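These notebook entries record what I looked up in one structure.

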Amino acid sequence: MSMINGFTSDDAARLSETERRLIERRERLLGPAYRLFYERPLHTVRGEGVWLYDSQGRRYLDAYNNVVSVGHCHPRVVEAMHRQACQLNTHTRYLQEGILDYAEQLLGTFSADLDRVMFTCTGSEANDLALRIARHYTGGTGVIITQFAYHGVTGDIAELSPSLGPAMVLPSHVRTVRAPDAYRLGAENVAATFAADVRAAIEDMRAHGIRPAAILLDGIFSSDGVLPGPQGFIAEGIALAQAEGLIYIADEVQPGFARTGEAMWGYVRHGLRPDIVTLGKPMGNGQPIAGIVGRSEVVDHFGRNMRYFNTFGGNPVSCAAGQAVLDVIRDEQLQQRAKEIGSYLLKGLGQLAERHELIGDVRGAGLFLGVELVSDRVSKQPAAAQARQVVNAMRENGVLISAAGPLENVLKIRPLLAFTQEHADVLINAVDTALSDVQR
Ligand code: PMP
(Lines give C-alpha, C1' and ligand atoms only; values in the text may rest on other atoms or scores of the structure.)
Protein backbone atom coordinates (compact mmCIF):
# COMPACT_ATOMS: atom_id res chain seq x y z
CA MET A 1 0.00 0.00 0.00
CA SER A 2 1.55 3.33 -1.01
CA MET A 3 1.81 6.20 1.47
CA ILE A 4 1.73 9.94 0.83
CA ASN A 5 2.71 12.00 3.86
CA GLY A 6 1.34 9.35 6.18
CA PHE A 7 -1.85 8.77 4.17
CA THR A 8 -2.61 5.33 2.83
CA SER A 9 -3.51 4.68 -0.80
CA ASP A 10 -7.15 4.34 0.32
CA ASP A 11 -7.15 7.91 1.61
CA ALA A 12 -5.21 9.07 -1.42
CA ALA A 13 -7.81 7.54 -3.72
CA ARG A 14 -10.34 9.98 -2.27
CA LEU A 15 -8.09 12.99 -2.82
CA SER A 16 -8.55 15.25 -5.81
CA GLU A 17 -5.67 15.70 -8.21
CA THR A 18 -5.01 19.21 -6.82
CA GLU A 19 -4.94 17.95 -3.24
CA ARG A 20 -2.59 15.13 -4.15
CA ARG A 21 -0.23 17.55 -5.89
CA LEU A 22 -0.28 19.93 -2.90
CA ILE A 23 0.53 17.11 -0.47
CA GLU A 24 3.42 15.97 -2.64
CA ARG A 25 4.80 19.50 -2.94
CA ARG A 26 4.53 20.03 0.84
CA GLU A 27 6.41 16.84 1.50
CA ARG A 28 9.10 17.65 -1.05
CA LEU A 29 9.56 21.25 0.10
CA LEU A 30 8.82 21.19 3.84
CA GLY A 31 9.84 17.64 4.76
CA PRO A 32 8.23 15.11 7.07
CA ALA A 33 8.09 17.16 10.29
CA TYR A 34 5.00 19.01 9.06
CA ARG A 35 1.76 17.13 9.75
CA LEU A 36 -1.63 17.80 8.26
CA PHE A 37 -4.99 17.57 9.95
CA TYR A 38 -7.62 15.01 8.83
CA GLU A 39 -7.42 11.86 6.72
CA ARG A 40 -8.52 13.99 3.80
CA PRO A 41 -6.59 17.21 4.40
CA LEU A 42 -8.46 20.44 4.00
CA HIS A 43 -7.43 22.80 1.20
CA THR A 44 -8.49 26.12 2.69
CA VAL A 45 -8.56 29.25 0.60
CA ARG A 46 -10.65 31.76 2.55
CA GLY A 47 -12.03 32.48 6.01
CA GLU A 48 -14.85 34.70 7.22
CA GLY A 49 -16.31 34.92 10.72
CA VAL A 50 -16.72 31.38 12.09
CA TRP A 51 -16.40 29.80 8.63
CA LEU A 52 -13.52 28.42 6.60
CA TYR A 53 -13.97 27.85 2.86
CA ASP A 54 -12.23 25.19 0.78
CA SER A 55 -11.12 25.39 -2.84
CA GLN A 56 -14.51 24.02 -3.96
CA GLY A 57 -16.34 26.82 -2.16
CA ARG A 58 -17.63 24.46 0.54
CA ARG A 59 -17.84 26.01 3.99
CA TYR A 60 -16.77 24.51 7.31
CA LEU A 61 -17.80 25.60 10.77
CA ASP A 62 -14.55 26.27 12.62
CA ALA A 63 -14.83 24.79 16.11
CA TYR A 64 -11.10 24.38 16.58
CA ASN A 65 -9.16 27.50 15.70
CA ASN A 66 -8.08 29.60 18.65
CA VAL A 67 -5.63 31.66 16.64
CA VAL A 68 -8.30 33.63 14.78
CA SER A 69 -10.32 33.63 17.95
CA VAL A 70 -12.46 36.71 17.30
CA GLY A 71 -13.34 35.52 13.79
CA HIS A 72 -11.57 34.80 10.53
CA CYS A 73 -10.43 38.00 8.83
CA HIS A 74 -12.26 40.14 11.39
CA PRO A 75 -12.75 43.47 9.57
CA ARG A 76 -11.64 45.58 12.54
CA VAL A 77 -8.41 43.63 12.98
CA VAL A 78 -7.69 43.62 9.24
CA GLU A 79 -8.38 47.34 9.02
CA ALA A 80 -6.14 48.16 12.01
CA MET A 81 -3.26 46.13 10.54
CA HIS A 82 -3.72 47.69 7.11
CA ARG A 83 -3.80 51.22 8.49
CA GLN A 84 -0.63 50.67 10.52
CA ALA A 85 1.21 48.85 7.69
CA CYS A 86 0.54 51.84 5.42
CA GLN A 87 2.00 54.21 8.00
CA LEU A 88 5.01 52.54 9.66
CA ASN A 89 6.29 49.09 10.57
CA THR A 90 9.65 48.66 12.26
CA HIS A 91 11.28 47.14 15.33
CA THR A 92 10.96 48.31 18.93
CA ARG A 93 14.04 50.51 19.40
CA TYR A 94 12.42 53.79 18.49
CA LEU A 95 10.00 55.87 20.48
CA GLN A 96 6.47 55.01 19.41
CA GLU A 97 3.08 55.41 21.09
CA GLY A 98 1.36 52.30 19.70
CA ILE A 99 3.31 49.76 21.73
CA LEU A 100 2.84 51.78 24.92
CA ASP A 101 -0.88 52.36 24.44
CA TYR A 102 -1.32 48.65 23.80
CA ALA A 103 0.90 47.69 26.77
CA GLU A 104 -1.23 49.89 29.06
CA GLN A 105 -4.47 48.38 27.84
CA LEU A 106 -3.18 44.84 28.02
CA LEU A 107 -1.83 45.31 31.56
CA GLY A 108 -5.19 46.82 32.47
CA THR A 109 -6.72 43.36 32.01
CA PHE A 110 -4.49 41.93 34.79
CA SER A 111 -4.39 42.51 38.54
CA ALA A 112 -2.14 45.40 39.64
CA ASP A 113 0.72 43.15 40.78
CA LEU A 114 1.29 41.99 37.18
CA ASP A 115 2.71 45.26 35.94
CA ARG A 116 5.30 44.54 33.24
CA VAL A 117 4.89 43.28 29.70
CA MET A 118 7.52 42.11 27.20
CA PHE A 119 6.69 41.19 23.61
CA THR A 120 7.69 38.20 21.51
CA CYS A 121 6.37 36.72 18.26
CA THR A 122 5.29 33.25 19.39
CA GLY A 123 4.06 31.43 22.47
CA SER A 124 7.22 29.30 22.43
CA GLU A 125 9.38 32.40 22.63
CA ALA A 126 7.20 33.74 25.44
CA ASN A 127 7.67 30.55 27.47
CA ASP A 128 11.38 30.57 26.67
CA LEU A 129 11.73 34.13 27.94
CA ALA A 130 9.63 33.36 31.03
CA LEU A 131 11.89 30.42 31.81
CA ARG A 132 15.02 32.53 31.46
CA ILE A 133 13.54 35.16 33.78
CA ALA A 134 12.52 32.51 36.34
CA ARG A 135 15.96 30.92 36.29
CA HIS A 136 17.67 34.28 36.61
CA TYR A 137 15.49 35.24 39.55
CA THR A 138 15.73 31.98 41.48
CA GLY A 139 19.23 30.90 40.50
CA GLY A 140 17.72 27.47 39.89
CA THR A 141 17.26 25.29 36.81
CA GLY A 142 14.58 22.76 37.79
CA VAL A 143 11.15 22.92 36.18
CA ILE A 144 7.88 21.12 36.96
CA ILE A 145 5.48 20.35 34.12
CA THR A 146 2.64 17.89 33.54
CA GLN A 147 3.23 14.45 32.02
CA PHE A 148 1.86 15.27 28.58
CA ALA A 149 2.54 18.99 28.47
CA TYR A 150 3.07 21.10 25.37
CA HIS A 151 4.71 24.50 25.72
CA GLY A 152 6.45 25.08 22.39
CA VAL A 153 9.33 24.55 20.03
CA THR A 154 12.51 26.34 21.17
CA GLY A 155 15.28 24.03 22.39
CA ASP A 156 14.64 24.68 26.08
CA ILE A 157 10.86 24.63 25.74
CA ALA A 158 10.68 21.51 23.57
CA GLU A 159 12.43 19.86 26.51
CA LEU A 160 9.38 20.86 28.56
CA SER A 161 6.96 19.41 25.99
CA PRO A 162 6.76 15.62 26.42
CA SER A 163 3.69 15.51 24.16
CA LEU A 164 6.08 15.99 21.22
CA GLY A 165 6.52 12.22 21.42
CA PRO A 166 8.84 9.54 22.77
CA ALA A 167 11.83 11.02 20.87
CA MET A 168 11.59 14.01 23.22
CA VAL A 169 13.73 12.78 26.11
CA LEU A 170 13.27 14.96 29.17
CA PRO A 171 16.47 16.36 30.68
CA SER A 172 17.51 15.70 34.29
CA HIS A 173 16.32 19.10 35.59
CA VAL A 174 12.69 18.40 34.63
CA ARG A 175 10.10 16.67 36.82
CA THR A 176 6.61 15.76 35.65
CA VAL A 177 3.46 15.62 37.71
CA ARG A 178 0.24 13.82 36.78
CA ALA A 179 -2.21 16.06 34.98
CA PRO A 180 -5.04 16.96 37.36
CA ASP A 181 -7.57 14.71 35.67
CA ALA A 182 -10.82 14.83 37.64
CA TYR A 183 -12.42 12.15 35.43
CA ARG A 184 -9.73 9.55 36.01
CA LEU A 185 -8.45 10.52 39.46
CA GLY A 186 -11.85 11.48 40.89
CA ALA A 187 -13.01 15.08 41.38
CA GLU A 188 -12.72 14.74 45.16
CA ASN A 189 -9.07 13.58 44.98
CA VAL A 190 -7.64 15.68 42.23
CA ALA A 191 -6.54 18.74 44.25
CA ALA A 192 -4.73 16.70 46.90
CA THR A 193 -3.16 14.36 44.32
CA PHE A 194 -1.85 17.31 42.34
CA ALA A 195 -0.42 18.98 45.47
CA ALA A 196 1.22 15.72 46.58
CA ASP A 197 2.81 15.29 43.12
CA VAL A 198 4.16 18.84 43.19
CA ARG A 199 5.61 18.32 46.67
CA ALA A 200 7.25 15.03 45.61
CA ALA A 201 8.71 16.67 42.47
CA ILE A 202 10.30 19.48 44.51
CA GLU A 203 11.68 17.03 47.07
CA ASP A 204 13.08 14.79 44.35
CA MET A 205 14.81 17.70 42.60
CA ARG A 206 16.42 18.76 45.86
CA ALA A 207 17.45 15.19 46.66
CA HIS A 208 19.31 15.20 43.34
CA GLY A 209 20.98 18.56 43.93
CA ILE A 210 18.73 20.41 41.48
CA ARG A 211 17.53 23.83 42.55
CA PRO A 212 13.91 24.34 41.44
CA ALA A 213 13.19 27.42 39.33
CA ALA A 214 9.63 27.19 38.04
CA ILE A 215 6.36 25.38 37.70
CA LEU A 216 5.00 25.86 34.18
CA LEU A 217 1.36 24.93 33.56
CA ASP A 218 -1.20 25.32 30.81
CA GLY A 219 -4.22 26.20 32.93
CA ILE A 220 -6.64 24.21 30.77
CA PHE A 221 -4.19 21.27 30.33
CA SER A 222 -5.03 21.12 26.66
CA SER A 223 -2.45 18.58 25.47
CA ASP A 224 -3.04 16.51 28.63
CA GLY A 225 -6.59 15.95 27.39
CA VAL A 226 -8.48 19.25 28.06
CA LEU A 227 -8.85 19.31 31.85
CA PRO A 228 -10.63 22.48 33.00
CA GLY A 229 -11.19 20.80 36.38
CA PRO A 230 -13.28 22.01 39.28
CA GLN A 231 -12.55 25.67 40.07
CA GLY A 232 -9.48 26.04 42.28
CA PHE A 233 -8.31 22.45 41.87
CA ILE A 234 -4.66 23.33 41.29
CA ALA A 235 -4.49 26.16 43.82
CA GLU A 236 -3.05 24.08 46.66
CA GLY A 237 -0.25 22.61 44.52
CA ILE A 238 0.70 25.99 43.10
CA ALA A 239 0.63 27.75 46.48
CA LEU A 240 2.94 25.04 47.77
CA ALA A 241 5.37 25.53 44.87
CA GLN A 242 5.37 29.32 45.29
CA ALA A 243 5.98 28.97 49.03
CA GLU A 244 9.00 26.81 48.15
CA GLY A 245 10.35 29.68 46.04
CA LEU A 246 9.37 28.44 42.57
CA ILE A 247 8.15 30.92 40.00
CA TYR A 248 4.66 30.01 38.81
CA ILE A 249 4.44 30.55 35.06
CA ALA A 250 0.82 30.46 33.88
CA ASP A 251 0.85 29.46 30.21
CA GLU A 252 -2.23 31.28 28.90
CA VAL A 253 -1.51 30.58 25.24
CA GLN A 254 -4.55 28.29 25.18
CA PRO A 255 -7.01 29.56 27.81
CA GLY A 256 -6.23 33.28 27.56
CA PHE A 257 -8.07 36.17 25.89
CA ALA A 258 -11.56 35.41 27.26
CA ARG A 259 -11.82 31.82 26.05
CA THR A 260 -12.76 30.28 29.40
CA GLY A 261 -15.63 32.75 29.80
CA GLU A 262 -15.29 33.51 33.51
CA ALA A 263 -12.51 36.04 33.03
CA MET A 264 -10.05 37.31 30.48
CA TRP A 265 -7.42 34.90 31.85
CA GLY A 266 -7.89 31.22 32.62
CA TYR A 267 -5.96 31.21 35.91
CA VAL A 268 -8.49 33.63 37.43
CA ARG A 269 -11.04 30.76 37.45
CA HIS A 270 -8.80 28.99 39.93
CA GLY A 271 -8.01 32.02 42.12
CA LEU A 272 -4.28 31.81 41.31
CA ARG A 273 -1.60 34.52 41.54
CA PRO A 274 0.98 33.82 38.81
CA ASP A 275 4.43 35.39 38.90
CA ILE A 276 4.61 35.34 35.10
CA VAL A 277 1.85 34.84 32.53
CA THR A 278 2.68 33.82 28.96
CA LEU A 279 0.46 34.85 26.05
CA GLY A 280 0.20 33.91 22.39
CA LYS A 281 -2.09 32.38 19.78
CA PRO A 282 -5.26 34.56 19.79
CA MET A 283 -3.38 37.72 20.80
CA GLY A 284 -3.23 39.14 17.25
CA ASN A 285 -5.98 37.06 15.61
CA GLY A 286 -3.39 35.50 13.30
CA GLN A 287 -0.74 38.23 13.31
CA PRO A 288 2.33 36.82 15.17
CA ILE A 289 2.31 38.58 18.49
CA ALA A 290 2.91 36.98 21.88
CA GLY A 291 4.54 37.95 25.15
CA ILE A 292 4.91 37.72 28.87
CA VAL A 293 3.26 39.69 31.65
CA GLY A 294 4.89 39.51 35.05
CA ARG A 295 5.55 41.00 38.42
CA SER A 296 8.09 43.82 38.06
CA GLU A 297 10.18 42.50 40.94
CA VAL A 298 10.80 39.29 38.97
CA VAL A 299 10.93 40.73 35.45
CA ASP A 300 13.17 43.70 36.34
CA HIS A 301 15.74 41.51 38.04
CA PHE A 302 16.33 39.93 34.62
CA GLY A 303 16.08 43.20 32.69
CA ARG A 304 18.66 44.99 34.81
CA ASN A 305 21.26 42.38 33.94
CA MET A 306 20.23 41.40 30.45
CA ARG A 307 19.48 43.40 27.31
CA TYR A 308 16.33 42.28 25.51
CA PHE A 309 15.70 42.90 21.85
CA ASN A 310 13.29 40.92 19.70
CA THR A 311 13.32 42.25 16.12
CA PHE A 312 9.68 41.59 15.31
CA GLY A 313 8.24 41.20 18.81
CA GLY A 314 5.80 44.03 19.48
CA ASN A 315 6.24 45.75 16.11
CA PRO A 316 3.68 48.42 15.22
CA VAL A 317 1.52 46.21 12.97
CA SER A 318 1.46 43.42 15.57
CA CYS A 319 0.51 45.88 18.31
CA ALA A 320 -2.23 47.34 16.09
CA ALA A 321 -3.62 43.82 15.63
CA GLY A 322 -3.34 43.15 19.38
CA GLN A 323 -5.11 46.39 20.19
CA ALA A 324 -7.93 45.61 17.74
CA VAL A 325 -8.37 42.15 19.32
CA LEU A 326 -8.79 43.70 22.78
CA ASP A 327 -11.27 46.22 21.35
CA VAL A 328 -13.31 43.50 19.63
CA ILE A 329 -13.38 41.28 22.75
CA ARG A 330 -14.70 44.26 24.74
CA ASP A 331 -17.13 45.71 22.17
CA GLU A 332 -18.60 42.38 21.05
CA GLN A 333 -18.73 41.13 24.67
CA LEU A 334 -16.95 37.97 23.66
CA GLN A 335 -16.09 36.93 27.21
CA GLN A 336 -19.77 36.89 28.08
CA ARG A 337 -20.47 35.09 24.81
CA ALA A 338 -17.83 32.46 25.61
CA LYS A 339 -19.48 31.90 28.98
CA GLU A 340 -23.04 31.63 27.64
CA ILE A 341 -22.38 29.63 24.48
CA GLY A 342 -19.85 27.53 26.39
CA SER A 343 -22.39 26.45 28.98
CA TYR A 344 -24.99 25.86 26.24
CA LEU A 345 -22.51 23.57 24.48
CA LEU A 346 -21.56 21.81 27.72
CA LYS A 347 -25.22 21.06 28.36
CA GLY A 348 -25.94 19.99 24.76
CA LEU A 349 -22.90 17.72 24.55
CA GLY A 350 -23.68 16.38 28.01
CA GLN A 351 -27.14 15.35 26.78
CA LEU A 352 -25.50 13.35 23.98
CA ALA A 353 -23.89 11.20 26.68
CA GLU A 354 -27.38 9.90 27.55
CA ARG A 355 -27.62 8.35 24.07
CA HIS A 356 -24.02 7.56 23.20
CA GLU A 357 -22.28 4.99 25.40
CA LEU A 358 -18.95 6.00 23.90
CA ILE A 359 -18.99 9.29 25.81
CA GLY A 360 -17.24 8.84 29.14
CA ASP A 361 -16.97 12.47 30.17
CA VAL A 362 -17.96 15.92 28.94
CA ARG A 363 -16.07 18.86 30.41
CA GLY A 364 -15.28 22.43 29.58
CA ALA A 365 -14.73 26.00 30.64
CA GLY A 366 -16.29 28.58 28.35
CA LEU A 367 -15.47 27.78 24.74
CA PHE A 368 -12.85 25.14 25.49
CA LEU A 369 -14.48 21.73 25.74
CA GLY A 370 -13.39 18.12 25.85
CA VAL A 371 -15.52 15.03 25.17
CA GLU A 372 -13.66 11.95 26.34
CA LEU A 373 -14.53 8.78 24.43
CA VAL A 374 -14.18 5.41 26.14
CA SER A 375 -15.04 1.94 24.89
CA ASP A 376 -16.23 0.98 28.36
CA ARG A 377 -17.55 3.38 30.99
CA VAL A 378 -16.45 1.27 33.94
CA SER A 379 -12.86 0.54 32.92
CA LYS A 380 -12.65 3.91 31.10
CA GLN A 381 -10.74 2.22 28.30
CA PRO A 382 -9.76 5.05 25.89
CA ALA A 383 -11.50 4.91 22.49
CA ALA A 384 -8.86 6.57 20.32
CA ALA A 385 -9.80 4.94 17.00
CA GLN A 386 -13.39 6.07 17.47
CA ALA A 387 -12.27 9.61 18.35
CA ARG A 388 -10.30 9.71 15.10
CA GLN A 389 -13.34 8.49 13.18
CA VAL A 390 -15.55 11.14 14.76
CA VAL A 391 -13.08 13.94 13.95
CA ASN A 392 -12.81 12.81 10.33
CA ALA A 393 -16.54 12.20 9.91
CA MET A 394 -17.26 15.69 11.23
CA ARG A 395 -14.74 17.18 8.83
CA GLU A 396 -16.57 15.44 5.97
CA ASN A 397 -19.81 16.88 7.35
CA GLY A 398 -18.39 20.41 7.44
CA VAL A 399 -17.49 20.90 11.12
CA LEU A 400 -13.87 21.16 12.26
CA ILE A 401 -12.62 19.83 15.59
CA SER A 402 -9.64 17.68 16.67
CA ALA A 403 -8.63 15.09 19.26
CA ALA A 404 -6.24 15.53 22.20
CA GLY A 405 -4.77 13.76 25.20
CA PRO A 406 -2.00 11.21 25.62
CA LEU A 407 -4.17 8.61 23.86
CA GLU A 408 -5.93 11.07 21.55
CA ASN A 409 -9.34 9.89 22.71
CA VAL A 410 -10.63 13.31 23.80
CA LEU A 411 -12.57 15.35 21.26
CA LYS A 412 -11.03 18.80 21.51
CA ILE A 413 -13.65 21.42 20.82
CA ARG A 414 -12.48 25.01 20.78
CA PRO A 415 -14.90 27.14 18.79
CA LEU A 416 -14.24 30.69 17.72
CA LEU A 417 -15.41 33.21 20.31
CA ALA A 418 -17.83 34.58 17.73
CA PHE A 419 -19.99 31.42 17.94
CA THR A 420 -23.74 31.89 18.33
CA GLN A 421 -26.34 29.43 19.62
CA GLU A 422 -27.15 28.54 16.03
CA HIS A 423 -23.52 27.57 15.40
CA ALA A 424 -23.49 25.60 18.66
CA ASP A 425 -26.52 23.60 17.47
CA VAL A 426 -24.76 22.76 14.19
CA LEU A 427 -21.77 21.55 16.19
CA ILE A 428 -23.81 19.44 18.62
CA ASN A 429 -25.74 17.84 15.74
CA ALA A 430 -22.49 17.06 13.93
CA VAL A 431 -21.04 15.33 17.02
CA ASP A 432 -24.32 13.43 17.42
CA THR A 433 -24.34 12.26 13.79
CA ALA A 434 -20.68 11.26 13.82
CA LEU A 435 -21.10 9.29 17.06
CA SER A 436 -24.12 7.48 15.61
CA ASP A 437 -22.10 6.45 12.57
CA VAL A 438 -18.93 5.48 14.36
CA GLN A 439 -17.81 1.84 14.05
CA ARG A 440 -17.78 -0.08 17.33
N1 PMP B 1 1.89 26.85 25.03
C2 PMP B 1 0.78 26.16 24.76
C3 PMP B 1 -0.10 25.70 25.88
C4 PMP B 1 0.44 25.89 23.43
O5 PMP B 1 -0.65 25.20 23.15
C6 PMP B 1 1.29 26.35 22.39
C7 PMP B 1 0.98 26.11 20.92
N8 PMP B 1 0.14 25.08 20.62
C9 PMP B 1 2.45 27.05 22.73
C10 PMP B 1 2.70 27.30 24.05
C11 PMP B 1 3.43 27.51 21.70
O12 PMP B 1 2.95 28.56 20.95
P13 PMP B 1 3.55 28.87 19.50
O14 PMP B 1 3.13 27.76 18.59
O15 PMP B 1 2.98 30.21 19.15
O16 PMP B 1 5.03 28.92 19.63
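Which residue in β5 is the bridge partner of Y53? I found R59 as the bridge partner of Y53.

**Basis.** I worked on a predicted model, in which local features need pLDDT of at least 70 and side-chain atom pairs count only at pLDDT 80 or more, while totals for chains, interfaces and linings use all residues. Residues are numbered from 1 along each chain as its sequence is written, and side-chain values use heavy atoms, with hydrogens and water left out.

**Sheet.** I looked up the pairing of β4 (residues 51-54) with β5 (residues 59-62) and noted an antiparallel sense over three bridges. Two strands pair if DSSP finds at least two bridges between them; strands (E, at least two residues) and helices (H or I, at least four residues) are DSSP runs, numbered from the N terminus. I then traced the open sheet, in which four strands run in the order β3-β4-β5-β16 with mixed pairing. β3 (44-48) and β16 (399-400) are its edge strands, each pairing on one side only.

I next checked polar contacts (pairs of N or O atoms within 3.5 Å). A polar side-chain atom of S124 is 2.4 Å from a ligand oxygen atom, and a polar backbone atom of G123 is 2.9 Å from an oxygen atom of the ligand. For K281, I noted 3.1 Å between a polar side-chain atom and a nitrogen atom of the ligand. The protein covers 81% of the 400 Å² of accessible area (Shrake-Rupley method, 1.4 Å probe) that the ligand has on its own.

**Second largest pocket.** A pocket is an open set of points on a 1 Å grid over the protein atoms alone, where a 1.4 Å probe fits, with protein on both sides within 12 Å along at least five of seven lines; lining residues have an atom within 4 Å of a point. I noted a space of about 390 Å³ in the second largest pocket. Of its 20 lining residues, R83, Q84, G98, P316 and A320 are the closest to its centre. α3 (75-87), α4 (97-107) and α11 (316-331) are the elements that give two or more residues to the lining; α11 gives the most, with six.

Notes:
Grid points are joined across faces, edges and corners, and a volume is the space filled by probe spheres set on the points. A polar contact is a pair of N or O atoms within 3.5 Å; within protein, one must be able to donate a hydrogen and the other to accept it, and residues adjacent in sequence count only if both atoms are side-chain atoms.
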